[in-house]
Amino acid sequence: MTITFKDERGIAGMRVAGRLASEVLDYLTPHVQPGVTTNALDKLAFDYITQVQQAIPAPLNYNPSGRNPYPKSICTSINHQVCHGIPSDKALKKGDIVNIDITVIKDGWHGDTSRMFIVGEGSIAAKRLCQLTYEAMWHGIVKVKPGVRLGDIGHAIQTFAEGQGFSIVREFCGHGIGQVFHEDPQVLHYGKPDTLEELKPGMTFTIEPMVNAGKRDIKEMSDGWTIITRDHSLSAQWEHTVLVTPTGYEVLTLSSGSPALPAFVTTTAC
Ligand code: MF3
Ligand code: CO
Ligand code: CO
């Protein structure tokens, strides 16, 4: 495992990249409406990132370990799609839930964040899944502090989500992030207390639980990217990039449009 620790310069770079990623979601939010295609959202994001932010959309042509390059600038995962959904000419419709996942590179540093959107009006079940997945992510974030272990974070997320009757996807996880999009460590969204890597100041990683309304099993589509639930149940995901500070955490992917904190969260930096 080679975990990179960010110094003050690195942290400054990560703060900027994180805020920009979140601001892309703010910019897209009013456009997430019935009738819009995910390709239209992709084009809006590409233009905003490259022209306004003078940054780079990290997913575009991303090809870890020689996979076929990812063809778009953002990921849009609808309903039973778990993650890595590829924007297309299909329109969103009322009642869909969609995760939009944004990663930007600014001055060499990556910021990675995603939110759920309910298109038009959603069902009670859809709203509940989106809200509780948001809370699941925050249950992990508030654990972050030097001396805590990655297993403690996974355990907090898993016990909360499963306690609501949901399941946690195992095959995809959060990740270290910095000058590299996906670096060590892996941040599992399930686990046992007091296991795995110990957190230390200067680590930056994502927490991005994928929570299914049904069973946890997934499968990959023939496009080589899109992941769906095997039982076609709804799936939700939220993602923040966080920094381990000397006394706790700092959430790096915040902006004016970030949703309100869950009631049990008292601060975004400590
Ligand atoms: N942003 C995703 C993550 O949270 C990764 C997307 S990789 C892509 O790690 F190639 F599918 F865009
Ligand atoms: Co990520
Ligand atoms: Co992401």
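**View 1. T204 faces L243 of strand 14 across a strand pairing.** This is a predicted model, in which local features need pLDDT of at least 70, side-chain atom pairs count only at pLDDT 80 or more, and totals for chains, interfaces and linings use all residues. Residues are numbered from 1 along each chain as its sequence is written, chains are lettered from A and ligands numbered from 1 in the order in which they are written, and side-chain values use heavy atoms, with hydrogens and water left out. Strands (E, at least two residues) and helices (H or I, at least four) are DSSP runs, numbered from the N terminus. Two strands pair if DSSP finds at least two bridges between them. Strand 9 (residues 204–207) and strand 14 run antiparallel, joined by 4 bridges. Strand 14 also runs antiparallel to strand 15 (residues 249–251), with 3 bridges between them. On that side, L243 has E250 as its bridge partner. A hairpin of 4 residues links strand 14 to strand 15.

**View 2. Strand 14 is covered on both faces.** Buried means under 20% relative accessible area, exposed means over 50%, and partly exposed is in between (1.4 Å probe, protein chains only). In strand 14 (residues 240–244), 5 of the 5 residues are buried, so the strand is largely enclosed by the rest of the structure. In a regular strand, side chains alternate between the two faces of the sheet. Here H240, V242 and V244 are buried on one side. T241 and L243 are buried on the other.

View 3. Strand 10 (residues 210–212) pairs with strand 13 over 3 bridges. Within this pairing, M210 has Q237 as its bridge partner.

View 4. Buried residues of the helix include L129, L132, Y134, M137, W138 and I141. E135 is also among the buried residues.

**View 5. The structure holds 1 cavity of 30 Å³ or more.** On a 1 Å grid over the protein atoms alone, a cavity is a set of points where a 1.4 Å probe fits but cannot get out; a pocket is an open set with protein on both sides within 12 Å along at least five of seven lines; lining residues have an atom within 4 Å of a point. Grid points are joined across faces, edges and corners, and a volume is the space filled by probe spheres set on the points. The largest cavity has a volume of about 60 Å³. Its lining has 13 residues, with T113, S114, R115, E239 and H240 nearest the centre. Helix 1 (8–28), strand 5 (109–118) and helix 3 each give two or more residues to the lining. Strand 5 gives the largest share, 3 residues.

**View 6. The largest pocket has a volume of about 600 Å³.** Of its 30 lining residues, Y62, H84, F172, H175 and H182 are closest to the centre. Strand 8 supplies the largest share of the lining, 4 residues. P185 lies in strand 8. The peptide bond from D184 to P185 is cis, with omega near 0°. H84 sits in the loop between strand 3 (81–83) and strand 4 (97–106). Phi of H84 is near 60°, a positive value in a residue other than glycine. At 25% relative accessibility, H84 counts as partly exposed.

**View 7. Q179 lies in the loop between strand 7 (174–176) and strand 8 (183–187).** Q179 counts as exposed, at 55% relative accessibility. The C-alpha atoms of Q179 and W109 are separated by 4.8 Å, though these residues are 70 residues apart along the chain. Contact means heavy atoms within 4.5 Å. Not counting residues up to four places away in sequence, Q179 touches G108, W109 and H110.
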